[in-house]
Amino acid sequence: MTATTNDRSVPVKAGSSRGFRLPPAFWLIVPSVLFLALFFVFPLLKLVAISLPDGSLEYYHQIFTTPVFLRVIGETFRVSLIVTVVTVAIAYPYAYAMAHGGRAVLLVLTIALLIPFWVSLLLRSFSWVVLLQNSGLVNDFLIATGLIDRPLRLIRTPFGVIIGMVHILLPYAVLPLYTVMKKIDLRLMEASSICGASWLRGFARVYFPLSLPGVMASAILAFTLALGFYITPALLGSPRDMMIAQMIAGQFNEQLNFGLGAALAVVLMVLTAIAFGLFGAVRAALQMRGRRTGEA
Amino acid sequence: MMNAAHQNIAGTAMKLEGVSKLYCAVKALDNVSFELRKGEFLTMLGPSGSGKTTSLRAIAGFIQPTSGRLSIDGRDMTGVPPQKRNIGMMFQDYALFPHMTVLENIGYPLETRGIKRAEREKRSLEMLEIVGLAHCAKRYPKEMSGGQQQRVALARALVFKPDIVLLDEPMAALDKKLRGQMQIEIMHITRQVGATVVSVTHDQEEALVMSDRIAIFKDGRLEQIGTPHELYLQPRSEFVADFIGEANLLRGAVRATDNGVTVEGEGWKASLPKCDPRCAALKSGQGACVVLRPERIHAVPAGTATDNAGEGVIEDKIYLGVEYRLVVRMGDGGKVNLRSRDVASIAAMQAGERVGLSWSAEDIVVIGG
Ligand SMILES: Nc1ncnc2c1ncn2[C@@H]1O[C@H](COP(=O)(O)OP(=O)(O)O)[C@@H](O)[C@H]1O
Ligand SMILES: [Mg+2]
């Protein structure tokens, strides 16, 4: 008892003498802040410093005047955008089934969603190689059924990259959607139908708008993760489908051009931040309305 | 034939014929039949689990009956989805669309019927005026109080002039003060627009206040349907007698006499004269239940024996201003409540004393079996 009272009174006294008091919880975040400062913020600043030798912008100038760099950056955004759209489109009905399909469905779908997390990223990308290569399962099957007579080029194409990335991103896209959807009251759909609306109209006018915050969260997550993909495009794409992360790695590992690699990394980071900001602005607009309508 | 059938339909908004709904082994609805007349306010009343919600959802089309037939305006509703039934519904927690303004909410049933925006807004505003919320058109549901949300829900259910309006436990989400007010208001509004209404409640007072007719449900069965007055005066079962208003139920044995039929219990007897049509249903030697309404019993001095009288001990005497309330313990330990405005004669009686009870044959209900 006495110990407790003492414990409480000491920091109060110390704090009030300085006129400013740190909340006790502050000390709980010290380890993580230190860790991030040491292993994230410091290297990041170092990276920026490397990209600006003697304060010169030459590497950035090089990036924005060299067609191959611009193409890779453009391609990265294009692929990420396609991947995001496809991922969210597939995740949406999946999350819907999880949210409203009953307990048995939820269990099966959750397990199916989490199993890939137990398998490494590398292994999963390799399995796609096995499936999609010219003598892979998919081509063998299509040839055996006589649908095609020459193997389709599924791998080393943007198609292969997109399939592999969608597969890896799916769980990340499903979870935010599910969280929002399970809070949507299905009686609103009954109300919609008794108001004379078909299921489709009810979905478009009632369910989908209410699920939009989930769509946004899911898209942000998928898109920002997609921008940084490295292994999957390397295994499933051709050199033409190179994404910016591969190029950065190339500059560091093969060209040993640390300055250019650092500058590319900074560009990726800034562009990601801009994309994030744009999504965030849309979300904020949704939330502004959400505050009045009582949604999350 | 065809003509006669058609004329019959003219006054009938909806008809249930032997409707049953099974959930596994549970009979949520058991052979329910009744007709809803155009323009009437019908309340389905019953305790929790008696099948009210199931009936309402079957009418709305959210569930299909296991057997039986439901028709609206003469049209068989088997296989017709909710959106094609032209029914308005106010849900228990209103189910307003949170992302739409009040005006958009009310306009939604018109939107689904392909009515253009300008016309839609005009009619929604008219409806909003009727429910007294014209100044709230641009608000969102979450920005309104429970009572206001309820009015919006009512407006949305009425705006497209549906054939039938369903109200699911309309007062359940309101606090007590607001209930009385909204009961009257909903009654006025639905009358004003000439709606045919089916409401659901477990609150007998609400049913009495609002309804033209009441359908009483028990264990999935329709016990009795009638005007509040009919149900009060002629309950056909102990359950109905007990559910509508206050009732004393006295159980006794039937005996035929020279003058008619008598039902006797310990310390009381009730007699019906020979000419009374109610005698036909009563068989000598069987049991019967006599329903006595508290305000129909007179307190008289003990020892006043007549054909319709009883005697017991006063257990409580409560003065309520305009009337006295007496609780009398009968010979078999059962209690009888009575209310009397004859304040002067009751004032002289004391708790613990014996008291005589008397009533007239016309004021009692005898339920055989
Ligand atoms: N979806 C359902 N599944 C199984 N049983 C149900 C279902 N809906 C209702 N019941 C059962 O049917 C009976 C009537 O229920 P309900 O119509 O909700 O009663 P009320 O609305 O009068 O309280 C209850 O015994 C209830 O348990
Ligand atoms: Mg219910």
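**Around one asparagine**

A: Asn139(A) is in contact (heavy atoms within 4.5 Å) with Leu132(A), Gln133(A), Asn134(A), Ile148(A), Pro151(A), Leu152(A) and Leu154(A), leaving aside its neighbours within four places in sequence. This is a predicted model, where local features need pLDDT of at least 70, side-chain atom pairs count only at pLDDT 80 or more, and totals for chains, interfaces and linings use all residues. Side-chain values use heavy atoms, with hydrogens and water left out, residues are numbered from 1 along each chain as its sequence is written, and chains are lettered from A and ligands numbered from 1 in the order in which they are written.

Q: Which helix does Asn139(A) lie in?

A: Helix α7 of chain A, residues 137–144. Helices here are DSSP runs of H or I with at least four residues, strands are E runs of at least two, and both are numbered from the N terminus.

Q: And is Asn139(A) buried or exposed?

A: Buried, with a relative accessible area of 0%. Buried means under 20%, exposed over 50%, and partly exposed in between, with a 1.4 Å probe and protein chains only.

Q: Zooming out, what share of chain A counts as buried?

A: 40% of its 296 residues.

Q: How many helices and strands in chain A?

A: 13 helices and 0 strands.

Q: What about contacts in chain A between residues at least 6 apart in sequence?

A: Of those, 69% join residues at least 24 apart.

Q: What box do the C-alpha atoms of chain A fill?

A: Roughly 85 × 70 × 35 Å, along the principal axes.
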